[in-house]
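Dear colleague,

I am handing over the structure below, together with notes on what was found in it. Please read the notes with the coordinates open beside you.

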Amino acid sequence: STDSHYHHQSSLEKAGILNKTKVAENGKRLRKNWAQSWTVLHDGMLTFHKDPKYTPAGMATKSNQIVPEYTAELKGATLSWASKEKSSKKNVLELKTRHGSEYLIQYDTDTIIQDWHKIISDTIRLLHDH
Ligand code: I3S
């Protein structure tokens with residue numbers, strides 16, 4: 001574990017700002033709508049929030065203003081680096097849930113997206129092994 005994520009009740013946890021767009025739901029393509037999102041990994045679920053106006057120091061008082069937009073169940077999901085055809089942006093991850101939802105997740109800073117790649121992959125693997 002690093003200080004940016006840790007084991008808690010046998011699941012991995014992490015939170016931060018990412019860029020995301022949902023691109024499919026129930027296998028049906030959606031139009032891209034890239035937006036910044038406060039993103040939380042907890043209990044094998046990845047939740048993207050609508051409110052990007054987040055400051056770490058204000059979490060306790062602002063938590064009731066952070067509205068979930070999408071929740072992706074990681075059990076049975078797959079994660080890969082997106083091909084150039086999927087997006088012109090750099091550092092794009094493609095998350096596909098077992099229910100047929102697909103998300104693109106992006107961040108310009110390599111270390112940030114690599115940390116998310118690792119913890120989401122580790123979570124998918126942990127959920128698969130249990
Ligand atoms: O896969 P696409 O259609 O090239 O995705 C681009 C569009 O969503 C575009 O919006 P418009 O549909 O209003 O043109 C976005 O501004 C682009 O960011 C999308 O492409 P990238 O390569 O950035 O994922």
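Leaving aside its neighbours within four places in sequence, Ala72 is in contact with Met45, Leu46, Ala77, Leu95, Thr97, Ser101 and Tyr103, where contact requires that the C-beta atoms of two residues, placed from the backbone, lie within 7 Å. This is a predicted model, in which local features need pLDDT of at least 70 and side-chain atom pairs count only at pLDDT 80 or more, whereas totals for chains, interfaces and linings use all residues. Residues are numbered from 1 along each chain as its sequence is written.

Ala72 itself belongs to strand β6, residues 68-73, strands being DSSP runs of E with at least two residues and helices runs of H or I with at least four, numbered from the N terminus. Ala72 is buried, since 23 other C-beta atoms lie within 10 Å; the cut-off for buried is 20 or more other C-beta atoms within 10 Å of the residue's own, for exposed 12 or fewer, and partly exposed is in between, with C-beta atoms placed from the backbone. Between Ala72 and Lys14 there are 58 residues in sequence and 14 Å in space, C-alpha to C-alpha.

As for the overall fold, the protein chain has two helices and nine strands, which follow one another along the sequence as β-β-β-β-β-α-β-β-β-β-α. Of its 130 residues, 22% count as buried, and among the contacts with a separation of 6 or more, 46% come from residues 24 or more positions apart.

The largest nonpolar core has 18 residues, of which Ala72, Leu93, Leu95, Ile105, Trp116 and Ile120 touch the most other members; such a core is a set of buried Ala, Val, Leu, Ile, Met, Phe, Trp, Tyr and Cys residues joined through C-beta atoms within 7 Å. Two or more residues of this core come from each of β2 (11-25), β8 (92-96), β9 (102-106) and α2 (110-129), with α2 giving the most, four residues. Leu95, once its neighbours within four places in sequence are left aside, is in contact with Ala72, Ala77, Leu79, Glu102, Tyr103, Ile105 and Ile120.

Helix α2 has 20 residues and reaches 28 Å from its first C-alpha to its last, close to the 28 Å expected at 1.5 Å a residue, the expected span being 1.5 Å times one less than the number of residues. Within α2, Ile113, Trp116, Ile119, Ile120 and Thr123 are buried. They cover an arc of only 130° around the axis and therefore sit on the same side of α2, the arc being that of the directions from the helix axis to the C-beta atoms. On the other side of α2, Asp110, Thr111, Arg125, His128 and Asp129 are exposed.

Two loop residues other than glycine have a positive phi. For Asn26, in the loop between β2 and β3 (28-29), phi is near 50°, and the residue is exposed, with 7 other C-beta atoms within 10 Å. For Asp43, in the loop between β4 (35-42) and β5 (45-49), phi is near 55°, and the residue counts as partly exposed, with 14 C-beta neighbours inside 10 Å.

Finally, the ligand is surrounded by Lys32, Trp34, Ser87, Ser88 and Lys89, a residue being near a molecule if its C-beta atom, placed from the backbone, lies within 6 Å of it.

With best regards
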